[in-house]
Structures are given as structure tokens and as C-alpha cells.
Amino acid sequence: MLAYIIRRILYAIPILIGVNILTFSLFFVVNSPDNMARMHLGMKRVTPEAIENWKIERGYDKPLLYNEETGGAGALTDTIFFEKSARLFVFEFGRSDAGRDIGYDIQQRMWPSLAIAVPTFIIGLLVTITFAMLVAFFRATYVDYWGVILCVVMMSISGLFYIIGGQYLISKVLHLVPISGYDTGVSALKFIILPVIIGVIGGIGAGTRWYRTIFLEEVSKDYVRTARAKGLSELVVLFKHVLKNAMIPILTACVSQIPFLFMGSLLIESFFGIPGLGSYTIDAIQRQDFAIVRSMVFLGSVLYIVGLIMTDISYTLVNPRIRLS
Amino acid sequence: MQNTRFELGAKWAGGYLVLLLLSGCDQGPWNNPYPPSEVQKNILYSSFAERPKHLDPARAYSSNEYAFIGQIYEPPLQYHYLKRPYTLMPLAAEAMPQPKYFNAEGLQLPDDAASDEIAYSIYDIRIKQGIRYQPHPALATDTAGNYLYHNLPPEDLENIFTLADFPETGTRELVAADYVHQIKRLAHPRVHSPIVGLMSDYIVGLKPYMVAIEAEYQKRLGESDTPAFLDLTHFPLEGAEVVDRYTYRIKLAGKYPQFVYWLSMPFFAPMPPEADRFYAQPGMEEKNLNLHWYPIGTGPYMLSVNNPNRQMILERNPNYHGEVFPGEGEAFDHEDGLLEDAGQPMPFVDKVVYSLEKESIPYWNKFLQGYYDTSGISSDSFDQAVRVGSEGDVALTDDLIAKGIRLRTSVATSTFYMGFNMRDPVIGGLSDRARKLRQAVSIAMDYEEFISIFVNGRGISAQGPIPPGIFGYRDGEQGINPYVYDWVRGQPKRKSIDEAKRLLAEAGYPGGADAKTGEPLLLHLDITATGPDDKARLDWYRKQLQKLDLQLVVRNTDYNRFQEKMLQGNAQIFIWGWNADYPDPENFLFLLYGPQGKVDHNGENAANYSNPEFDPLFDEMKNMANGPERQKIIDQMVGMARRDAPWIWGLHPKQFGLYHEWYKNAKPNLMANNTLKYLRIDPVLRAERRTQWNQPVVWPAVLVAVLLIVGTVPAVIVYRRKEHQSLKQKISPSRESMAAQS
């Protein structure tokens with residue numbers, strides 16, 4: 001397994017280089033260093049000299065990908081791409097174009113994101129699996145029929161509706177928790193409850209439908225019939241046998257998501273004033289802060305690759321017949 | 001085993017509930033987002049939607065940055081809080097500086113000397129004695145007077161993450177040299193001050209100083225990898241000199257009467273050289289320890305927490321020199337209770353907490369719950385807040401009146417206009433044809449309707465470039481733009497579309513088509529429209545020109561492309577705006593000054609308007625003192641601009657502010673940056689209102705829980721029945737088969 005993991009990590013390097021080139025190209029097709037300077041220096045009284053100084057100070061005065069003026073390796077290394085990307089591979093994110101330490105910002109912002117995302121993920125998983133099992137248990141009955149309709153309705157409603165509706169009902173009408181905000185330690189709980197509830201409710205529709213499909217496929221298999229023939233109760237059949245065997249597709253969906261919990265949720269964090277990573281990238285794109293954009297895309301790619309590797313490893317844990325080679 | 005798991009789960013759930021009770025069920029309302037210990041404290045609550053980028057006073061230039069540094073730094077002058085028109089008064093200065101004028105030979109000239117005789121002006125500014133800086137580690141010294149933190153080895157910074165991590169702080173008296181140091185900082189290549197270009201035209205020697213400093217900085221940068229510290233105290237600047245401990249002198253080329261307004265802005269606030277030395281140490285920048293994040297000032301407040309991802313907190317500066325609330329203002333200020341605190345020492349509020357609030361809906365709801373003390377009105381909440389009467393009068397809704405909320409409106413010293421690119425061959429130029437075409441379009445573009453539809457009536461249609469509240473603005477009949485409006489029954493009335501069509505025909509486009517070729521006239525609006533609301537606005541623009549049978553092609557583009565088009569002069573019609581730096585007509589009329597053309601000079605004249613009659617008048621007007629002569633020239637200039645119509649004058653926005661009853665001394669002041677010190681709150685009343693408005697309603701939550709529990713009962717019954725049926729089905733076939741066998 002170790003050899004497999006090392007091989008996957010080595011495969012990741014060209015993927016990450018490719019992702020970097022793509023991000024770099026897309027960013028600079030839309031924004032030129034002059035545009036970035038103008039955005040950072042503001043709208044009023046910006047002189048060409050100030051733009052030039054800004055570019056020089058941040059190394060944006062160099063050629064993008066290939067430096068014709070320098071010979072040898074310098075043609076590739078003395079470029080914006082190399083200077084801004086090489087250090088990412090040792091997780092040195094450097095400073096944002098506005099001067100902030102990106103690594104520090106990520107460290108600070110990932111905890112609030114995790115504080116929302118982890119309970120939402122775990123509780124959401126438990127709730128949706130339970131609902132899906134319930135619907136599967138009552139398959140081909142009115143409970144199943146109306147359950148699926150309810151799921152489709154819940155899926156069709158925009159996440160924004162849950163957020164605004166939740167804030168209106170729970171915070172504005174019932175006055176049970178703060179509308180928005182964040183704090184550290186125990187005091188964070190009162191801020192976390194509502195976004196977690198909304199995150200869980202918002203995910204029930206799609207999750208339940210997805211897991212219901214998996215469970216229905218499993219319950220029609222021979223081993224389930226055998227379990228029933230042994231005289232096991234339906235609950236034992238479902239929770240002990242069906243659930244265990246349905247774990248592979250569930251893991252596929254879940255384990256790959258775990259690393260992304262760090263990245264947070266844009267909408268929830270914006271509306272609840274959670275100082276997480278959810279809006280970090282979007283804000284950076286709007287501010288044309290390439291340093292943050294490339295760092296966050298790089299981090300996202302790494303987390304994606306880590307998620308896939310974790311998924312593969314988890315297969316072997318739930319199904320010993322699977323061997324990684 | 002199962003029991004153990006159950007017990008473990010129960011313990012977790014119990015622990016979670018206890019934590020929940022600890023965090024939520026504390027004193028006061030459950031939905032209070034602030035710590036219970038702050039309930040009756042003298043704290044003002046506000047928010048920020050986007051973190052301020054720069055808090056260095058030499059660099060900051062945005063209103064969201066000034067909201068903080070305006071309270072921390074003290075430039076020599078400030079605006080009177082209550083008087084209108086806006087009036088400058090001393091802040092750190094002992095008195096208003098009086099410029100002295102000199103000719104090229106160095107002889108002093110009288111105050112009314114002609115501008116062209118004046119070679120340079122001298123401003124001697126004497127500051128008050130005894131002003132001290134806020135406590136700051138950059139000023140911490142040992143008993144021998146040596147600075148404690150000016151030679152820190154990198155290992156000493158290992159456990160330092162914020163300024164509060166330094167155990168010692170210090171202070172010292174403000175001296176004139178700190179003001180001179182700040183002026184020199186404007187020229188530092190790493191500071192990127194936005195006004196250095198403008199100031200280098202006036203402050204004597206600033207341009208060569210910039211070159212010299214840049215060369216020295218590059219030299220030091222080449223010698224070392226770490227950022228080179230440049231001690232500006234060793235580099236004299238002719239235009240900014242220390243006269244004595246409390247007096248400094250600024251020397252300006254020629255005459256620049258608007259300079260005093262700049263002296264009220266943070267660009268000219270004092271900066272102790274110790275701060276530059278402190279922050280320039282290796283390792284500081286990497287930890288975000290710099291002037292952009294940790295200001296050092298003498299003002300009423302100091303930034304004690306700077307976490308732009310969550311919260312920023314201003315706290316009372318314990319070393320503040322003190323100031324009293326003004327005792328005079330406008331006639332109605334007394335009736336409004338704005339003079340009740342006259343003579344009282346300021347600031348009134350101990351602490352100001354700014355929380356990150358990106359969305360307007362949560363902000364608005366928290367304001368209604370009493371968790372924010374003041375609010376603007378977003379378009380989402382406009383109908384909940386304000387009723388607009390048939391006469392256009394505005395009043396608060398009954399719900400808000402019942403809560404004791406008050407509304408104050410003020411016309412902003414800003415202008416938002418639709419500009420024509422005067423270099424465009426179709427719509428631009430000073431020919432009679434082009435002028436009439438622009439006038440026709442100006443009449444058709446019904447900004448009264450625009451204000452009503454798109455800004456909920458929060459604006460007044462502009463008659464020229466100068467907004468109300470600025471010298472040169474004229475009200476009433478003499479203030480209307482006669483090319484677009486008539487004065488009818490005591491108010492301006494937009495000219496008819498027939499008049500616009502007549503002008504269009506005279507311009508050579510009868511019926512919206514070129515008289516020579518018969519081709520329909522296409523006009524192009526270059527715009528950056530991204531939101532869903534923009535579509536309605538774009539449709540409205542098209543509809544306006546359809547009144548003249550003209551077609552408007554909208555060239556929607558991103559911000560970068562739009563900026564490039566403007567710089568290259570490729571846009572035809574565009575939307576633009578300007579917020580006043582200071583309350584002087586020069587700050588608006590320069591937007592139409594030829595040498596400020598965007599294409600040729602990279603200036604702020606976005607329309608590239610260049611009129612050989614207008615420009616000399618501007619040169620004359622900008623150096624004049626306010627008075628009838630200046631007004632006469634301004635009238636001439638505005639008249640020319642109205643005739644040439646390089647802009648459709650658009651609108652001056654109206655600002656609506658809502659204040660809770662416990663929020664005192666609120667008066668919109670669109671020029672002053674340091675208004676926080678004047679505000680007072682009644683925290684006891686606020687706590688009462690919060691409790692009254694936010695009683696938790698628990699029964700629906702209990703009902704839902706009960707329903708969920710009750711809902712499980714049929715599920716259990718059905719499950720048991722199903723299990724029973726399954727058993728019977730399993731047993732019955734077996735019996736049947738046994739019977740068959742027998």
C-alpha cells in the first residue's frame with residue numbers, strides 16, 4: 001500500500017504543475033499586471049509611475065512564462081510564473097498582493113470553516129443516512145413516495161432560501177440564536193448552531209435521495225434475502241448488513257469531501273459572518289489578488305488529490321477484498 | 001459493549017447541551033451576538049463589509065479606511081462637526097495656518113497678490129504642546145531611554161503574532177518633526193502614496209526628493225535581501241522643515257489655496273520615525289506587523305484588535321489630550337439636541353466594535369434587534385424602512401417609529417454622471433453638430449425617472465458638476481441647466497422630447513438617422529454591468545434613447561477592459577462618478593479641465609473635455625478665495641460646460657441614515673473623518689430595548705420536538721406491524737408446504 005501511496009503522490013506533481021499553469025493562464029488572460037496594480041492602488045489619482053513601482057515591488061514587471069532576455073535556465077525561472085509558483089510546492093504561500101501573510105490567513109480562517117463544516121458534515125451524514133434507511137425500509141409505500149417528493153422539493157429550493165428563511169425564523173422571529181457573527185471557544189456554539197442546522201437541512205434532500213438509491217440496490221441482493229431467511233429483523237438487516245455493504249459508494253462520496261471541509265462554504269459564511277475560508281478565494285478574485293488565487297487553487301488541488309487517495313485507502317478498510325497495487 | 005457506546009453517546013450529547021446552555025442561555029437575550037459582560041458597557045457597535053486594505057495614513061484613501069484611521073491619527077486641521085458650509089478648524093494645530101506669499105526674489109507679497117506674481121507660499125504650522133502618542137511598543141524605552149524593541153533578533157519575534165504580544169509599551173510627546181517625517185514618507189517608494197504625484201507639483205523639492213530616495217532605496221535593496229530601512233530623518237526636504245520643536249514649515253510652489261483642505265486629511269497626520277524603524281525590522285512584515293495593520297496615533301482612539309477576518313476594535317486612547325464638544329452650529333442644531341453636550345469632554349464612547357458583516361440582510365435585522373446602533377438603508381430593506389409620499393417626501397414606517405428610530409438625510413458631496421468621450425468622432429468634439437446631439441441625448445435621459453426607479457428617490461438630479469454644499473453651487477432658478485430644463489411653477493421641468501428631437505434634427509439626425517446617408521444613428525454605452533439588477537438599468541438606458549428613435553448598443557465588459565478603453569479613449573458613452581476630496585469647487589471643476597484629460601494626461605477628466613475658454617478660467621478660479629468674483633467665474637465655467645454637455649449631469653446621491661434612540665449627536669458630516677469622538681450612546685436604554693425586543697420564543701421549538709417524537713410513534717407501530725406480517729408470511733407458507741407434504 002505504501003508503494004501505491006508514494007506512486008500516487010508522485011503522480012500528483014505533474015497534475016499540480018498543470019493546475020498551476022492553467023490557473024496562471026486563465027488569471028492573466030483576464031487580468032494584466034497593470035490591471036492588478038490599478039485595482040490595488042485604487043481609483044483616484046493613480047499615476048503610471050505608481051503602477052510601475054507596484055509591479056516592480058511585487059515582481060509583476062517580469063515576463064509571464066518565458067524570459068527572452070535571460071539565457072539558459074533563467075529564461076524559465078526569471079518569470080512571474082516560476083517565481084510565484086515554485087514555492088507553493090513546499091507550501092510557502094508567501095504574501096498576498098495586499099501584503100498579508102497568506103499562510104497565516106489560511107491558518108486563521110480554516111478553524112471557523114471547520115467549526116461549521118465538520119458538524120454539518122457529520123450530523124448531515126447521520127441524518128441523511130437515517131432518512132434514507134427509513135425511506136428504504138418503507139419502500140414502495142406512501143412513506144417512500146411522499147418521502148421522495150419531499151426530497152425533490154427540498155433539493156429544488158435554493159440554499160439561499162434556507163439561509164434567509166432560517167435567519168428570519170430562528171433568529172428574527174423566535175430570537176433563539178444570533179443572526180450572524182462568530183466567537184472563539186465555547187461562545188462560538190451559539191453562532192454555529194443555526195448555520196449547522198441550515199447546512200444539514202439544506203443537504204437532506206439530495207443526500208437522502210442518493211443514499212436511498214444505494215440502499216435500494218443493496219436490499220435487492222441475495223445476501224439480504226438470506227439474512228431475512230435467517231429470521232433477522234428488518235432493522236438488523238438494514239443497519240447491520242445493508243449499511244455495511246453500502247459503505248463503498250458512501251465512502252466514495254464522503255471521504256473525498258473530507259479535505260474540502262477546510263475550504264468552507266461561500267454562502268453560509270457570508271450570510272452568517274463566519275470568518276472562514278469560504279469567501280477567501282472569491283474575495284481575492286474580485287480584488288484581483290493573484291497571490292491568494294494561486295495559493296487557494298493549489299491548496300484545493302492538493303486537497304482533492306489527498307481526498308482521492310484517502311478514498312482509495314478507505315476502500316481497503318471497509319472491504320478487505322480490495323488491495324491497492 | 002452496546003451499553004458502553006450508548007453511555008458514551010449520551011455523555012457527548014449531555015456535554016454538548018451543557019456547552020450550549022453555557023454559550024446561549026447567558027444573561028440577556030439569547031440572540032445577543034456580543035459577550036454578556038458587555039451588556040451595559042459604553043460600547044458602540046458597527047460593522048465592516050470588506051476589510052480596509054491600508055491603515056497607513058500616507059497610503060489610505062478610501063472611506064472604509066478613513067473610518068478607522070480618522071479616529072486614530074490627528075492631522076493639523078479638521079472640519080467643524082456642526083457648522084455648514086463645511087468649515088476648517090485647528091485639530092493638532094494651535095491655530096489655522098495663514099499662508100505667506102513670496103515672489104521669485106524672496107520678497108513677501110501681500111495676501112491679495114496676483115497668482116502669477118507668487119513664486120512660492122509658506123505655511124508655518126504650530127502644533128499644540130503636550131499631545132502624546134497612544135501606548136505603543138515602538139515607543140517603549142528602558143530606564144536609560146533606550147528603545148526596547150528597535151533591535152529585535154528574529155528569535156525574539158517567535159512568539160509575537162500581534163502588537164499586544166509585546167509586554168511593554170511607551171509613549172512620547174508629539175513634535176513638529178513627526179509631521180515633517182510623514183510628508184517625507186509620501187515620497188517613499190514602498191509607501192505608494194496616491195497623492196505623491198499631485199503633491200510633488202506643489203511641495204517644493206518633493207519631486208527630486210522622490211528620485212533621490214528611490215535611488216538610495218534601490219541601492220540598499222541591492223546590498224541586502226531584507227527590505228532596506230531608509231531613515232528619512234537623514235534626508236532633508238526643502239518643502240517640509242522643522243522650525244522648532246512645535247513648529248514646522250511647508251513651502252509650496254506658487255499659490256495653492258486648496259492645500260489647507262489636504263491638511264485635514266490623514267496624509268498629513270504625524271508619524272513618529274520610531275514607528276518606521278520598529279516595523280522595518282526583519283521578521284515584522286512576515287507577521288503582518290506593519291503600519292497597514294497597527295497604526296500609531298495621538299487621536300481619541302487606538303486600534304486594539306485588528307482581525308479583519310472577524311472583528312476590529314477601537315478603544316479609548318488613555319493618552320488622549322482631550323477636546324470638548326463644539327458649542328455652536330447651524331440654527332436648527334439646538335432644536336435637534338445637538339448642542340446638549342456642548343463643552344463636554346470627548347470622546348464619549350469607550351470602545352467601538354466593528355464586526356465583519358458581508359451581507360446587508362443580516363446587518364439590517366441585527367440593527368432592528370438593537371445589535372447595531374446605526375444603519376444605512378439598502379434597497380432590500382428600503383420599503384420596510386421608508387415611506388415615500390406623493391410629493392417625494394420621505395418618512396419612516398410606523399414600525400420603525402415605534403422603535404424610536406430616527407432618520408437623517410443629506411445630499412452627498414458626490415456626483416454620478418453619464419459621460420461622453422469628447423474624442424469620439426460621432427458624439428465628441430466642440431462642433432455645433434456634436435453639441436446639439438449631446439444636448440438632445442441629455443434631455444432624453446430622464447434622470448428624475450432613474451432616481452425614482454433605481455435609487456428609491458435617494459438622489460437629486462444634477463444641474464452641473466458641483467453638488468449642493470460646495471461653494472459655487474446655485475439653487476433655484478439660477479441654478480438650473482437651461483439646456484435641459486425650464487423653470488416652471490417654481491421648480492425645474494425637463495424639456496420635452498420634441499425639443500430634443502428638434503436639436504437632434506439640427507445636429508443632422510432627423511428621426512434618429514443620418515440626414516446624409518439615411519443610416520440610423522447607433523450610440524454605444526460602455527459599461528461594467530455584472531449583477532442581475534443591471535439588466536433593468538440597461539433596458540432603461542435603451543428606452544431613453546428610443547424616445548429619440550436612437551439605438552443604444554450596450555458594450556458590457558469587465559472592469560479591466562473598461563479601464564483600458566477609458567485610458568485609450570475607445571469608450572463612447574460611459575458612467576462615472578466622483579466623491580469630493582474637499583469642499584471646494586476646484587475639486588469638481590478639475591474633472592473638466594483639459595490638462596487632466598484621461599487619454600493624454602492619465603488624469604481624472606474621463607470625458608477628455610478640453611475647451612480653450614474653460615481651461616484659463618479654471619486656472620484663475622482655482623487660486624481665488626470664495627467670494628462674488630469666484631462665483632462669477634464658476635458660473636461662467638458651469639455655463640460653458642452645460643452648453644457643451646460633455647456629461648449628462650446625472651445625480652447627486654442622497655444619504656439616508658437611521659439611528660436608534662440611544663444614539664446621540666448624530667449629524668451627517670460628509671467631509672470629516674474623525675466623527676466618532678462626537679458620538680454618545682445611552683447603554684442602559686439600549687440594554688433595556690434589546691431585552692424588550694428580543695425575548696426568546698421557545699414554544700415553536702418545543703412543538704417541533706414534540707411533533708417529531710409523536711411522529712415516530714406511527715413509524716414504530718407500522719414497523720412492528722410490518723415485522724409481525726413478515727413473520728406471519730414466513731410461517732404461513734411453511735405450514736402450507738407441510739400440509740401439502742402430509
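Guide: Buried means under 20% relative accessible area, exposed means over 50%, and partly exposed lies in between, with a 1.4 Å probe and protein chains only. This is a predicted model, in which local features need pLDDT of at least 70, side-chain atom pairs count only at pLDDT 80 or more, and totals for chains, interfaces and linings use all residues. Residues are numbered from 1 along each chain as its sequence is written, chains are lettered from A and ligands numbered from 1 in the order in which they are written, and side-chain values use heavy atoms, with hydrogens and water left out.

Visitor: Why is Gln572(B) called buried?

Guide: Gln572(B) has a relative accessibility of 4%. The limit is under 20%, so Gln572(B) counts as buried. Gln572(B) sits in the loop between helix H15 (559-568) and strand E24 (573-579) of chain B; helices (H or I, at least four residues) and strands (E, at least two) are DSSP runs, numbered from the N terminus.

Visitor: What does Gln572(B) touch, not counting residues up to four places away in sequence?

Guide: Contact means heavy atoms within 4.5 Å. The residues that Gln572(B) touches include Gly419(B), Phe420(B), Leu522(B), His524(B) and Arg555(B).

Visitor: How do you know that Arg435(B) is buried?

Guide: Its relative accessibility is 17%, which is under 20%, so Arg435(B) counts as buried. Arg435(B) belongs to helix H11 (residues 432-444) of chain B. Leaving out residues up to four places away in sequence, Arg435(B) touches Leu430(B), Arg643(B) and Asp644(B).

Visitor: How far is a polar atom of the Arg435(B) side chain from the backbone oxygen of Leu430(B)?

Guide: The two atoms are 2.9 Å apart.

Visitor: What makes helix H2 (residues 63-72) of chain B mostly covered?

Guide: Seven of its 10 residues are buried. Among them are Glu65(B), Tyr66(B), Phe68(B) and Ile69(B). The cover over the buried residues of H2(B) includes strands E9 (301-307), E10 (311-316) and E13 (351-356) of chain B.

Visitor: Why are H9(A) and H12(A) called roughly antiparallel?

Guide: The axes of helix H9 (residues 189-219) and helix H12 (residues 247-255) of chain A cross at roughly 155 degrees and come within 10 Å. Axes are lines fitted to C-alpha atoms, for helices over the stretch in contact, and angles run from 0 to 180 degrees between N-to-C directions. Under 35 degrees counts as roughly parallel, over 145 as roughly antiparallel, 65 to 115 as roughly perpendicular and the rest as oblique. H9(A) and H12(A) are therefore roughly antiparallel.

Notes. Polar contact = N/O pair within 3.5 Å; in protein donor to acceptor, adjacent residues only side chain to side chain.
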